[in-house]
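Please consult the sequence and the model shown here while reading.

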Amino acid sequence: MKIRSALCAICFLLCALSRADAAQPAREFAFDPAHCAITFKVRHIFVEIPGRFAEYGGTVRFDPRNLAGSVFDVTVKAASLDTFVDKRNEHLRGPDFFDAAKFPDISFKSSKIRRVSEHEFKMTGTLTLKGVSREITLPLTYHGMKANPLDPKLEVAGFSARLNIFMPDYSFCDPKWSEMGVLGQNALVEIGFELASPR
């Protein structure tokens, strides 16, 4: 009986240690802004107009062997949008659309990452846009990690993701723009990150 109790205690301790280890934060990576991109496309009448966000940052921790300790916590500055036409940029930053003065940040924070295949993952988290927060799940591709050829003291990890945002879910703009046929209701967002970490 004592032997069984001792074995149970050891098993319990090993399980607890295993859970504690899995919950440890994964390796942290820093943004390399010159080699990152957040771009989007939105239909205007007939054609898709491209744009990008120039300012963003946050915390990224990732280890494919420790998904419980991995997190993407990213904030994008709404006023940094650029559609390559100054007048249009000012309109989009204003109250009719992003209202960047009132809602300066667009944010996403993951709550769960699960593996689909060797390099493919599903990432669930909360997207907040114009003060509206919704849970979304998006596909995440992990391209691997290697030593930076230009700086051997650093390792670089590559990630990409694509998501479709149904803008009415976030009260993004007055419905009149869609009713007039001027603006589509969906924004296709593409993300490519090269993130660095000391070796």
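## Threonine 141 and its surroundings

The side chains of threonine 141 and glutamate 120 are joined by a polar contact of 2.8 Å. A polar contact is a pair of N or O atoms within 3.5 Å; within protein, one atom must be able to donate a hydrogen and the other to accept it, and residues adjacent in sequence count only if both atoms are side-chain atoms. The model is a predicted one, in which local features need pLDDT of at least 70 and side-chain atom pairs count only at pLDDT 80 or more, whereas totals for chains, interfaces and linings use all residues. Residues are numbered from 1 along each chain as its sequence is written, and side-chain values use heavy atoms, with hydrogens and water left out.

Threonine 141 is located in strand E8. Helices (H or I, at least four residues) and strands (E, at least two) are DSSP runs, numbered from the N terminus. With a relative accessible area of 17%, threonine 141 is buried; the term buried means under 20% relative accessible area, exposed means over 50%, and partly exposed lies in between (1.4 Å probe, protein chains only). When its neighbours within four places in sequence are left aside, threonine 141 is in contact (heavy atoms within 4.5 Å) with His119, Glu120, Gly158, Phe159 and Ser160.

## Glutamate 155 and arginine 27

Strand E9 holds glutamate 155, which counts as buried because its relative accessibility is 17%. Its side chain makes a polar contact of 2.8 Å with that of arginine 27. Apart from neighbours within four places in sequence, the residues in contact with glutamate 155 are Arg27, Met145, Lys146, Ala147, Asn148, Leu195, Ala196, Ser197 and Arg199.

Arginine 27 and glutamate 155 also form a salt bridge, with 2.8 Å between the closest N and O atoms. Arginine 27 is in the loop between helix H1 (2-22) and E1 while glutamate 155 is in strand E9, so this pair ties together parts that lie 128 residues apart in sequence.

## Other salt bridges

Side chains of opposite charge can pair when their charged atoms come close. Eight salt bridges are found in the whole structure, each defined as a side-chain nitrogen of Lys or Arg within 4 Å of a carboxyl oxygen of Asp or Glu. One of them joins lysine 153 and aspartate 151, whose closest N and O atoms are 3.4 Å apart. Lysine 153 is exposed at 63% relative accessibility, and aspartate 151 is partly exposed at 22%.

Arginine 162 and glutamate 190 meet in another salt bridge, at 2.4 Å from N to O. Because arginine 162 belongs to strand E9 and glutamate 190 to strand E10, the pair ties together parts 28 residues apart in sequence. Both residues are partly exposed: arginine 162 has a relative accessibility of 48%, and glutamate 190 has one of 30%.

## The nonpolar core

In soluble globular proteins, nonpolar side chains tend to be buried together. A nonpolar core is here a set of buried Ala, Val, Leu, Ile, Met, Phe, Trp, Tyr and Cys residues joined through side-chain atoms within 4.5 Å. The largest such core has 46 residues, of which Phe98, Phe159 and Phe193 touch the most other members. Among the elements that give two or more residues to this core are strands E1 (28-44), E8 (132-148), E9 (151-166) and E10 (183-198). E1 gives the most, with six residues.

## Surface and overall composition

Ile45, Phe46 and Val47 make a nonpolar surface patch of about 350 Å². Patches consist of residues with over 30% relative accessible area and no salt bridge, with like charges joined within 9 Å and nonpolar side chains (Val, Leu, Ile, Met, Phe, Trp, Tyr) within 5 Å. Isoleucine 45 lies in the loop between E1 and strand E2 (47-53) and counts as partly exposed at 41% relative accessibility.

The chain contains three helices and 10 strands, in the order α-β-β-β-β-β-α-β-β-β-β-α-β from the N terminus. Of its 199 residues, 37% are buried. The chain exposes about 12200 Å², 58% of which is supplied by carbon and sulfur atoms; accessible areas come from the Shrake-Rupley method with a 1.4 Å probe, and for residues only the protein chains shown count as cover.
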